[in-house]
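We will walk through it one stop at a time.

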Amino acid sequence: MSTESTTKPAPPLAFVDTETTGLDPFQHDPWEIAVIFREGDLDTEHVFRIQPDLTNAEPKALEINRYHERTSAPNWQWHNRRNATERLYGLLNGVILIGSNPGFDAEMLAHLFGRYYDQPKPWHYRPIDIATLAAGYMWALDPELMAKDPGPISSRWLSRQVGVEPPGTDGHQALVDARWAKAVYDAVTFPTGTPAPDVRGFGPRSEYTGGAQ
Ligand SMILES: [Mg+2]
């Protein structure tokens, strides 16, 4: 019998969202990636902007996430691809990914990491989908309400059920969507009255400017 503790420290959490040039990780690129990294009682916000290959971009995707409008703004700045990818990989190494349909973001990021790393998926193998999490919570809380809708359940509807207003016209920006994932996760997992972690951002728009921390 061992006297050593078998309790492992909980992995850090990473609330993630990516804006991409389309839905196919083989053809399309993530161009804006937000990570809210939670370790202990501190959240740090990071945004990476990596110039994509637009060859096969889906016009509809670029319209939805306002690619041309946002990237032509005077204060827009692309990060160095290699540096940003290395920083991102370091952040996501060993975390639990949390997002709205995070499997999508994971595939997009794995293709980016695959250019530079042997292990393109450095995170815990089971990401957490906030919609599934909220649905489980609501099934426990109000099964009659949940049973009324036999179809696929909207993440936005579920978000409102747990008291979080989903993004409006400011949505489809990576950091806005990552903050939304965090808010839904916290609404389900923080008992009332528990203080949520402090947030430390990078500058007024919480942009990752490279090198800090
Ligand atoms: Mg998004």
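Start with the largest nonpolar core of this predicted model, which has 35 residues. Select Ala14, Phe15, Ala34, Val35 and Ala178: these touch the most other members of that core. Next, colour the elements that each supply at least two residues to the core: strands E1 (13–20), E2 (30–39), E3 (42–49) and E4 (96–99), along with helices H3 (81–92), H4 (102–113), H5 and H8. Which helix gives the most to this core? It is H8, with 8 residues. As general background, nonpolar side chains in soluble globular proteins tend to be buried together.

Now zoom in on Phe15. Beyond its neighbours within four places in sequence, Phe15 is in contact with Ile36, Ile98, Gly99, Ala178, Ala181, Lys182 and Tyr185.

The crossing of H5 past H8 is left-handed. To see the contact itself, show Ile130, Leu133, Ala134 and Tyr137 on H5, then Ala181, Val184, Tyr185 and Val188 on H8. What kinds of residue make up the contact of H5 with H8? There are 8 nonpolar residues, no polar ones and no charged ones.

Move on to Leu97, in strand E4. Is Leu97 buried or exposed? With 24 other C-beta atoms within 10 Å, Leu97 is buried, since 20 or more is the cut-off for that label. Leaving out neighbours within four places in sequence, select the contacts of Leu97: Ala14, Val16, Pro102, Ala106, Trp123 and Pro127. Then draw a distance from the C-alpha atom of Leu97 to that of Asp129: the two are separated by 8.6 Å, although the residues are 32 apart along the chain.

Two backbone stops remain. Select Arg66, in the loop between helix H1 (59–64) and helix H2 (67–71). Arg66 is not a glycine, yet its phi is positive, at about 55°. Around Arg66 there are 14 other C-beta atoms within 10 Å, which means that it is partly exposed.

Finally, go to His172, in the loop between helix H7 (155–161) and H8. His172 is partly exposed, with 18 other C-beta atoms within 10 Å.

Note on methods:
Residues numbered from 1 in each chain as written. Predicted model: local features only at pLDDT ≥ 70, side-chain atom pairs only at ≥ 80, totals over all residues. Left-handed = near helix turned anticlockwise from the far one by under 90°. Helix = DSSP H or I, 4+ residues; strand = E, 2+ residues; numbered from the N terminus. Contact = placed C-beta atoms within 7 Å. Nonpolar A, V, L, I, M, F, W, Y, C, P; charged D, E, K, R; others polar. Core = buried A, V, L, I, M, F, W, Y, C linked by C-beta atoms within 7 Å. Buried ≥ 20, exposed ≤ 12 C-beta atoms within 10 Å, placed from the backbone.
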